[in-house]
Amino acid sequence: MFHSNKTCIAFFAAFFSILFPIAFSTSLLSCATNPKVDEIEEIEIPEGEISFRDYNGVHSFLPNEKVRKHPYLMENFKKKNGRVIYIDENYECLYGVDVSRHLGRINWKKVKKSGIDYAFIRIGWRGYESGILHVDERFHQNIKGALAAGLKVGVYVFSQAINEQEAIEEAELALEEIKGYEISLPIVFDPEHIYPDAARTDDVPGSQFTKNAIAFCEVIKKAGFVPMIYSNLRWQGFVFDMEKIQDYKMWYADYKKLPRTPYDFEFWQFTCEGKIRGIKHHCDIDLWIKKIEPMTDVNSAVKTESAKDTSTEKLEQDESDNEEIDKAIEPADDMPISSETEILNELDDSKPNENLSDLEQKKDSDSADE
């Protein structure tokens with residue numbers, strides 16, 4: 001049976017006028033109440049060994065069976081609304097950033113609104129040529145802004161210590177600079193190799209790096225804070241004596257789709273290419289796989305003596321003060337711009353993790369400085 005064109009058009013117009021609103025409203029409902037959970041593609045790892053590629057080629061090592069392994073199941077890592085997440089009723093997932101002066105001025109309120117729960121802020125760094133220990137020029141600005149925005153905060157020291165005394169000096173610097181701030185996350189020892197530049201740590205053996213890490217962590221521990229060590233596969237397989245440092249918390253860096261380490265860790269730095277509102281540049285994003293326990297923050301929100309006034313009113317940063325900080329920051333010849341893990345990732349045979357799409361808010365006219 002045939003109908004005129006006008007009859008057909010009228011029929012389909014009426015049909016879609018009823019169908020489209022129903023389909024559209026159903027779509028909105030399903031997105032809101034049943035977020036899609038995507039599988040993450042498995043990574044092929046040779047059985048019994050861990051492999052990775054760096055600037056010297058491909059390396060592999062057998063896990064040390066005496067070192068505590070992480071409890072995570074690879075099949076429980078998913079993507080939910082674009083975020084990497086670990087799905088297990090015994091854990092919750094929180095997202096964080098780690099920052100230094102290289103990211104410039106940060107709008108912490110926007111960072112918080114972008115779905116970020118915590119921050120590791122660089123408190124200091126040692127020059128890889130000079131050996132001089134510095135306070136990060138933006139540390140106080142960053143920690144005040146992060147705390148005022150309601151983020152949990154931890155700190156880290158970029159170490160180029162060649163012996164235990166220098167590692168102790170780095171820990172003491174951290175303890176001095178955090179006085180008066182509420183520190184609810186660990187204080188981190190972050191040793192890294194420098195590539196391709198020559199560095200004062202080039203000839204330091206793994207046994208000494210292990211001693212340095214222990215010296216740093218013990219100073220932090222005795223002061224009543226929780227220490228943590230930053231590492232990647234190179235450090236775990238060929239530098240650190242993992243048996244000697246396994247009782248400290250571990251912050252693991254790996255930009256693959258799944259964490260490849262067999263060893264225990266609590267924080268996973270899974271990308272260096274994150275895009276977060278409030279931060280102008282690409283940044284590191286971290287996943288905290290937090291075991292659900294009665295006690296929440298690892299440092300029980302320690303606040304040191306000589307407390308600084310961290311009220312919201314006091315932490316509203318004066319533009320003239322910020323401009324003075326900007327002017328005071330000069331490039332340093334022996335301060336690496338890229339992290340070791342970032343360099344290894346660029347040389348690896350697969351692309352880094354996709355950015356957290358749901359943390360990439362629509363660009364507006366506001367800048368990170370506002």
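**Close-up 1. The buried pair of Tyr230 and Trp251.** Both Tyr230 and Trp251 are buried in this predicted model, where buried stands for under 20% relative accessible area, exposed for over 50% and partly exposed for the range in between (1.4 Å probe, protein chains only). The ring centres of Tyr230 and Trp251 are 5.1 Å apart and their planes stand at 85 degrees, so the pair is classed as edge-to-face; rings of Phe, Tyr and Trp (its six-membered ring) are paired if their centres lie within 6.5 Å, with planes under 30 degrees apart taken as stacked, over 60 as edge-to-face and the rest as tilted. Tyr230 belongs to strand β12 (residues 227-231) and Trp251 to strand β13 (residues 249-253), so that distant parts of the chain, 21 residues apart, are linked by this pair. Helices (H or I, at least four residues) and strands (E, at least two) are DSSP runs numbered from the N terminus. Residues are numbered from 1 along each chain as its sequence is written. Because the model is predicted, local features need pLDDT of at least 70 and side-chain atom pairs count only at pLDDT 80 or more, while totals for chains, interfaces and linings use all residues, and side-chain values use heavy atoms, with hydrogens and water left out.

Close-up 2. The structure holds 23 aromatic pairs. In one of them, Phe120 and Phe267 have ring centres 5.2 Å apart and planes at 80 degrees, which makes the pair edge-to-face. Since Phe120 lies in strand β7 (residues 118-126) and Phe267 in strand β14 (residues 267-274), the pair ties together parts that are 147 residues apart in sequence. Phe120 counts as buried at 0% relative accessibility, and Phe267 also counts as buried at 0%. One aromatic cluster is formed by Tyr72, Phe77, Tyr86, Tyr91, Tyr252, Phe265, Trp268 and Phe270.

Close-up 3. Lys291 lies over the face of Tyr91, at 5.2 Å from the ring centre; a charge is taken to sit over a ring if NZ of Lys or CZ of Arg is within 6 Å of the ring centre and within 35 degrees of the ring normal. Ile292 is found in the loop between β15 (283-291) and β16 (302-303), and its contacts (heavy atoms within 4.5 Å) include Glu89, Asn90, Tyr91 and Glu92, residues up to four places away in sequence not being counted. The C-alpha atoms of Ile292 and Glu92 are separated by 6.6 Å, although these residues are 200 residues apart along the chain.

Close-up 4. A search of the whole structure finds 14 salt bridges, each a side-chain nitrogen of Lys or Arg within 4 Å of a carboxyl oxygen of Asp or Glu. Arg234 and Asp54 form one of these, with their closest N and O atoms 2.1 Å apart. Arg234 lies in helix α6 (residues 233-239) and Asp54 in strand β2 (residues 50-54), so the pair ties together parts 180 residues apart in sequence. Both Arg234 and Asp54 are buried.

**Close-up 5. The salt bridge of Lys249 and Glu266.** The closest N and O atoms of Lys249 and Glu266 are 2.6 Å apart in their salt bridge. Lys249 is partly exposed, with a relative accessible area of 27%, whereas Glu266 is buried, with a relative accessible area of 16%.
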